[in-house]
Amino acid sequence: MTIQAKNKGGPETNKLTWRRMDLHIHTPATKDYQERNVTYLDLLKKAEAERLDIMAFTDHNTIAGYAAMMQEISDLERWVSSDRLRPQEKDRLEEYRRLTNKILVLPGFELTATFGFHILGIFPSRTPIRSIEHVLLQLNVPFELLDAGETEVGPTCDVLTAYRVLNEAGALVIAAHANSSHGVAMFGLDIGGQTRIAYTQDPHLHALEVTDLESSRRRSTASFFNGSKPQYPRRMHCIQGSDAHAVNGTRSTLGVGERATEVLLPEVSFAALKELFLSDDFARTRPSSRNASEPPFDHVEAALKEGPTLVQSFHEQATRQGGRLHAVMRDVVAFANSNGGTIYVGVSAGRKATVHGIDKPDETMAEIKTAVERTITPPLAVTLGVLKSQGKTIVSIAVPKGDDPPYVLEGSKIYVRQESVTNLAMRDEIVGLIKRVVKRAPSEPMPAAASADTAERSQASRQPRRSRPEGKPRSEEPSAEKMPAAKGTVDKQPEAQQRRGSAQPEPSAAKGGIPAKPVQKAEVPTERSESAAGVVHEPPRTGVEIVDSIEREGVLYHTMRDLRNNNKVQNVSRTSARFLWRYAIALKEKETFQEGRVKWSGNLGLWHKYFRTGQPHFDLAQKASDGTIRIYYGVTEDGIHGEWKSVVGMED
């Protein structure tokens, strides 16, 4: 259990302090540098003027700039020992000493990987120059170009290999200007898909450098990679840097430190910085304004704009009275069993989102800490912190995606997160959590629950069933729900095959010539081009679909498919269903669907649009080539992609 206190700025309790950094600075060693009479001391002086605590020299495919500065300092130090230093040189050495004691200067480079993608590799300050040059050679930068500072040095290596080599060499690995030109996110390009997933979710990658970190738009790069997207489940640390090619910026370019990031650190060191990027605490980074008088970035306000999601929730209080602490614990368990997330205590969400604040944050954190330790098993390490918003104190709880699910509250209650709602897990979901652990240890015996699952499926296959009540119009539901009375629960839709380490390039990526490598440690659904039912466009990636129905003793039981991960839960009745499922089942059983009420765009259609917790939700329909119609209930904006965007009227 880690408790970390944060406040608005300046000295922090528990010795945490906000520090300014710019990890993307070029020097005259870069061939396309815009100022030729600049000294390395000029760069340090500008960094001081911009109040930087940490800076990194990241020239194109070379460490020559950092090496030249260190050589100059070494020469000056040597001349001092031999008493050959002139007054001007003595002043210069004193400035170097003063500034390097005040600012941590890290060595690094900006690699041009295959197909022109740019990657920052940043090393500890004590790393020998020769060791970094050896890494450049490992990455296939030609020996004769090690000091050239060229943006193009011929074929080097692919992006994922670069991530791995840099990480194994001890570097901090950052995708440079990921959302812009030469960026791995490939926004605005016709290619992407599985390649983008691989290049932005790889475990050897520590952070994304983005150019819109201060954007107030809901669809910023940071919000895209916040862990709520079905195919991008790993939340990424996002920072900003100047990419300075000159000491001072112009109207069209930035200078040293003119686009910085603030990081909350216990000390100014490479180790502290890397620890931050390996953590699940995303409130310890924020965009930094050049104007010291401006208020800092408000994480709570930004979160409220998004509202409750798969990876964040809000609670007004965490007191035992009224079961509020228990509600917080439910979310902790649900996040641990799902994709991790952040809980904000002292805030109420919804249309009337309000920042209430916590009067005694230390007591609140102590209560939460005790509750996590006493009521949740197996042990779970969460990070508690304090944020400031609108002058009030908010407690944040950063919950990791658990390594040992299922996590249980009070010995028997297992919760999962479904979009913006926490629910008690159903049987098939519990089995899925157990299988998630079994997949990591294939040599271990199958848990009893999984064996029971197999046995129950076998037993179910011997039970008679019929797919739906009589009198249902044929065009109303997907073909998977039209199965005649027969043995077993049959589902014609394909299962998601892509799990960890199985990403494959989609046709568009292959056509663009960019090979997609396997995704490590990221669970993403497979993109499907055509199903057995003849559907030729991939369904939405959030919401729920009813794929089968069966009647037993006058009660309809349904098989629900979670469109986020393609997991199925069987034997769901209207009375046992959770909120979204109950909504979908009610519409189906009341036979409310009418094809004529759908606003069609080709074979894709919008049936309903409604708002929940201030966010739009959609009921969508899709015609298959055999004339059947599939219905997707409660789709959120996170699940809209491709041609579905024009169907619901979303901007690209």
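This is a predicted model: local features need pLDDT of at least 70, side-chain atom pairs count only at pLDDT 80 or more; totals for chains, interfaces and linings use all residues.
Stop 1: Select the strands β2 to β10. They form an open sheet of nine strands. Read across in the order β8-β7-β6-β5-β4-β3-β2-β9-β10. The pairing is mixed. Now colour residues 237-239 (β8) and 285-288 (β10), which stand at the edges. Each has a single partner strand, so one side of each is left without a neighbour in the sheet. Turn the view to follow the twist, which averages 30 degrees from one strand to the next.

**Stop 2: β4 and β5.** Select residues 104-112 for β4 and 118-122 for β5. The two strands run antiparallel, joined by five bridges. Pick G108, then look in β5 for its bridge partner, I122.

**Stop 3: α1.** Select residues 40-49, helix α1. The helix lies across β3 (54-60) and β4. Against β3, α1 runs at about 140 degrees.

**Stop 4: α2 and α3.** Select residues 64-81 (α2) and 87-102 (α3). Their axes are 10 Å apart, and the helices pack at an angle of about 125 degrees. An angle in that range makes α2 oblique to α3. The crossing of α2 past α3 is left-handed.

**Stop 5: the residues between them.** Which residues of α2 meet α3? Show M69, E72, I73, L76, E77, W79 and V80 on the α2 side. On the α3 side, show E89, R92, L93, Y96, R97 and T100. Colour this contact by class: seven residues are nonpolar, one is polar and five are charged.

Conventions
Residues are numbered from 1 along each chain as its sequence is written. Side-chain values use heavy atoms; hydrogens and water are left out. Two strands pair if DSSP finds at least two bridges between them. Helices (H or I, at least four residues) and strands (E, at least two) are DSSP runs, numbered from the N terminus. Axes are lines fitted to C-alpha atoms, for helices over the stretch in contact, and angles run from 0 to 180 degrees between N-to-C directions. Contact means heavy atoms within 4.5 Å. Angles under 35 degrees count as roughly parallel, over 145 as roughly antiparallel, 65 to 115 as roughly perpendicular and the rest as oblique. A crossing is left-handed if the near helix is turned anticlockwise from the far one by less than a right angle, and right-handed if clockwise. Ala, Val, Leu, Ile, Met, Phe, Trp, Tyr, Cys and Pro count as nonpolar, Asp, Glu, Lys and Arg as charged, and the others, Gly among them, as polar.
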